[in-house]
Amino acid sequence: MTSTAPLPTKAATRRNNVATQRETQIKKRYTARLRRGDLLETIVYFSVAIVLALFLADGGATYFLSLKDVTTGIGIVTGLVGSDLMLIMLILAARIPVIDRTFGHDKALAVHRKLGKPVLYLILAHMFLLMVGYGIAQGLNPIAEAIDMIVNQQDMSIAFIATGLLIAVVVTSLVIVRRKLSYEFWYIVHLLSYGAILLALPHQFTQGMMFAEGTWARWYWMALYVGALASITIFRVIIPVASSLRHDLRVSSVDIEAPGVVSVTMTGRDINALRAQGGQFFTWRFWAPNMWWDAHPYSLSAHPDGRSLRITVRDLGKGSARLLSLKPGTRVSFEGPYGIFTDASRTTKKAVFVGAGIGITPIRAILESSDLDPLEATVILRGSDAQDVYLWQETYDLCVEKSASLRVLVGHRPKGVNTWLSAEAYSKGESLLTLAPQIKNSDLYICGPTPWTDLVVRDAKRLGLHDHQIHAERFDF
Amino acid sequence: MRARSAFFAGMGSAAIIAIGWQAGVGTLVSALPESQASASGTSNSASSATTSNSSTSTTDTSAAAPAATTAPVASGPADGTYDGSVVNTRFGTVQVQAVISGGKITDVIAVKLTDADRKSIAISQQVAPMVRSEVLTAQSAHVANISGGTYTTQAYLQSLQSALDAAGFTG
Ligand SMILES: Cc1cc2nc3c(=O)[nH]c(=O)nc-3n(C[C@H](O)[C@H](O)[C@H](O)COP(=O)(O)OP(=O)(O)OC[C@H]3O[C@@H](n4cnc5c(N)ncnc54)[C@H](O)[C@@H]3O)c2cc1C
């Protein structure tokens, strides 16, 4: 008998080809991003190496020939490395597009935050060691030397003030993390870091040899300072202002989604030029009385259609509550788009999206703008009751359109169990793996409250997912 | 960061630091007392003392004759006043003279100090005596920087070192 095994049809082969092509494309994009990331990280290491090299080239090693100069030598090195890293912190917070596209805005800020304490310690060590080192040279104790520095030496008084500001910035940043201070207070104090940098600058000219004429160090430090301050000015001031003026966004409608949750739609000029993607966020400022001074980050809740942008906001605090009373016609200025909680960070073809509460907003938008073949995506939604699953109808329709499987877990978490599942799902023995059987070969996108998000991440890692497969957007800074 | 890139970043950084070290070796060697001793022959430098920078030469070169014949201090520098080189800084020109007597630095005379503005004059007046006394105690141009007067100190010591080199003074 002749075999009846079906030969692959032409259409099936073509479909397969397209699928592998897409897979290769995703892999290529991912490798390119990795390579870019490695390059940027390498630049950071090199910058520290260059600082040390310039110090040595300028005869820095002579400080380490005699014991009494070693203190001074280390004091100078800590100051140099501290300054270098502080400028790198600025660059990380400048929202430079290539950094955002490579690491994501949140990772860049995480590194920025991580550097804060070490940089402060380096600067304090610099100050202390030089007080001791120069003090020994002059036969003064460190306190007397400090007083002598402040009173007699050029630009040293303001350098001491700069250190004070720096301490204030780091301490308030640590406190704000524990939620003891308001965001606005932290923000104002944080602006002082620019003051600290500017106040510390003169003593680097007059006391140190950082900018000594005719040295390579001079060019290196000038480039670094100018680069850091210019990127802040360009990417955080000039471009946002220009972009806001150009696109001339205005609120076109405010729709209530649920009690305390509104969708704000904004229309403007030339929206396509923003190249915004579902899953990205902007920092928005609404020019209404009582609101204009307060800017907040909100994710797009829909893929931009070329004419309008939409966000969906829950009243979690004073600022977000004010959006409920927003009037159509209000002018909007913005910074963004930011973030790679998008298709751009995909590493493979399949994807699982997990959202809770208002965290559904970027999940819905990324689902809409993602390149997905049928049956490649799974969407898991959580809400403490059915009303808490916002944008539910829209998400349902999208899943039907994309042939994605959709699981909704409603209800509170079981008491006394550390899980992100609802009590009902938990008792039925559900897990990430039962809800999304393809998860091990998928990218996982998570958005929800941070403690909840952490539990999803924990389960994903237990299943063996790699860090690069896991993408989480956290709504709290 | 992937392992290969981390390796590259590490090696690259090490190479950069090594280049800096290499570039700094000159300064380092001149700061090492021993290497100077081996580098400069006595008679050589004694004779160069009379030629170096002496255009403005003033003062009593009391022991102008090469000291090669005086047996006990044969390896020491000749007594005399030696002009240091003229060093330019962004705050003005610095030049000092070293007075050598009996194989020791007995005085350092500031011919010219940073004077670009009132501030640098003040710094010069404050810093120079401190460096001078440090130098006299240490009997070398290798003394710690005086903070607050880095430019003046460095230029002062650089000028002094050239005077000491000219004298064949090796500490
Ligand atoms: C990337 C990102 C995307 C977000 N997307 C959405 C969204 O789509 N929908 C939504 O409802 N919420 C979203 N949020 C959360 C939203 O920004 C905050 O809930 C809102 O700023 C709270 O402001 P408030 O004045 O109402 O609350 P407050 O009472 O001021 O504070 C409530 C909480 O929000 C934090 N917060 C306040 N202002 C800011 C700010 N400017 N930047 C960062 N955190 C701040 C505070 O630290 C505090 O934890 C997002 C947050 C981030 C970081």
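Accessible area here comes from the Shrake-Rupley method with a 1.4 Å probe, and for residues only the protein chains shown count as cover.

**View 1. Chain B and its surface.** Chain B exposes about 8500 Å², and carbon and sulfur atoms supply 60% of that. This is a predicted model, where local features need pLDDT of at least 70 and side-chain atom pairs count only at pLDDT 80 or more, while totals for chains, interfaces and linings use all residues. Residues are numbered from 1 along each chain as its sequence is written, chains are lettered from A in the order in which they are written, and side-chain values use heavy atoms, with hydrogens and water left out.

**View 2. The elements of chain B.** You'll find 5 helices and 4 strands here (DSSP runs: H or I of at least four residues for helices, E of at least two for strands, numbered from the N terminus). Starting at the N terminus, the order is α-α-α-β-β-β-β-α-α.

**View 3. Where chain B meets chain A.** Contact means heavy atoms within 4.5 Å, and 34 residues of chain B touch 39 residues of chain A that way. In chain B, B:M1, B:R2 and B:S147 lose the most area to chain A, together 18% of what that side buries (buried area is the accessible area, 1.4 Å probe, that two parts lose on being put together, summed over both).

View 4. The side chains of A:D38 and B:R2 pair up at 2.8 Å, N to O (the rule: a side-chain nitrogen of Lys or Arg within 4 Å of a carboxyl oxygen of Asp or Glu). On the chain B side, α1 (3-31), α4 (118-138) and α5 (150-167) each supply at least two of the touching residues, and α1(B) gives the largest share, 14 residues.
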